[in-house]
Amino acid sequence: MKTLTILAISMLIFTGTAMAEENHHGAMNHDQHQMEMMDHGGHEHMAEAKSVRQVEASKVCMVNDTVFDRDQIAVEVEGKTYYGCCPMCKDRLNQDASIRKATDPISGAEVDKASAIIGADESGKVYYFETEENLHKHMSD
């Protein structure tokens, strides 16, 4: 009975750790998220759009597209600086060029995250814009 209890607790701990890791690194990558948004008509954060504020790139994990209170790990790729929250994100930024790109929600243009204007909503989700004008349009929509 004692062994069964220990086994059950171990499974719960392992499952919780695996779920936390999956949530941290996004079970869904940015492109998958964009496809889901298209399936839902792009209405994900309509109420939150007005609360978007401009944030510093150094505070953003550009893999998870999340803003943090502290500076992230700088990752130099082809003369540009990207940011990741952990060694795994740093490796992904180095290895996967698609992670370094995003779509401006106003213009639909592809933007390089290293040079984008970045806004974040109250939940910490970030949006990448090609111009400050597009950020302000997004805030006023």
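Student: Is Cys-89 buried or exposed? Please build the answer out to the core and the strands.

Tutor: Keep in mind that this is a predicted model. Cys-89 has a relative accessibility of 0%, so Cys-89 counts as buried. Cys-89 is in no disulfide. The nearest cysteine sulfur belongs to Cys-86 and lies 3.7 Å away. Now take Cys-61. Cys-61 is buried too, at a relative accessible area of 0%. The closest cysteine sulfur to that of Cys-61 is in Cys-85, at 3.6 Å, which is too far for a bond. A disulfide needs the two sulfur atoms within 2.5 Å. By that rule, the count of disulfides is zero.

Next, the core. The largest nonpolar core has 22 residues. Val-60, Met-62, Leu-93, Ile-118, Val-126 and Tyr-128 have the most contacts inside it. Several elements give two or more residues to this core: β2 (60–61), β4 (73–77), β5 (80–84), α3 (87–95), β8 (117–120) and β9 (126–129). A second core of five residues is separate, and includes Val-52, Tyr-127, Phe-129 and Leu-135. In soluble globular proteins, nonpolar side chains tend to be buried together.

Finally, look at β4 and β5. These strands pair in the antiparallel sense, over five bridges.

Definitions and conventions
Residues numbered from 1 in each chain as written. Predicted model: local features only at pLDDT ≥ 70, side-chain atom pairs only at ≥ 80, totals over all residues. Heavy atoms only, no water. Core = buried A, V, L, I, M, F, W, Y, C linked by side-chain atoms within 4.5 Å. Buried < 20%, exposed > 50% of the residue type's maximum accessible area, 1.4 Å probe, protein only. Helix = DSSP H or I, 4+ residues; strand = E, 2+ residues; numbered from the N terminus. Pairing = 2+ DSSP bridges.
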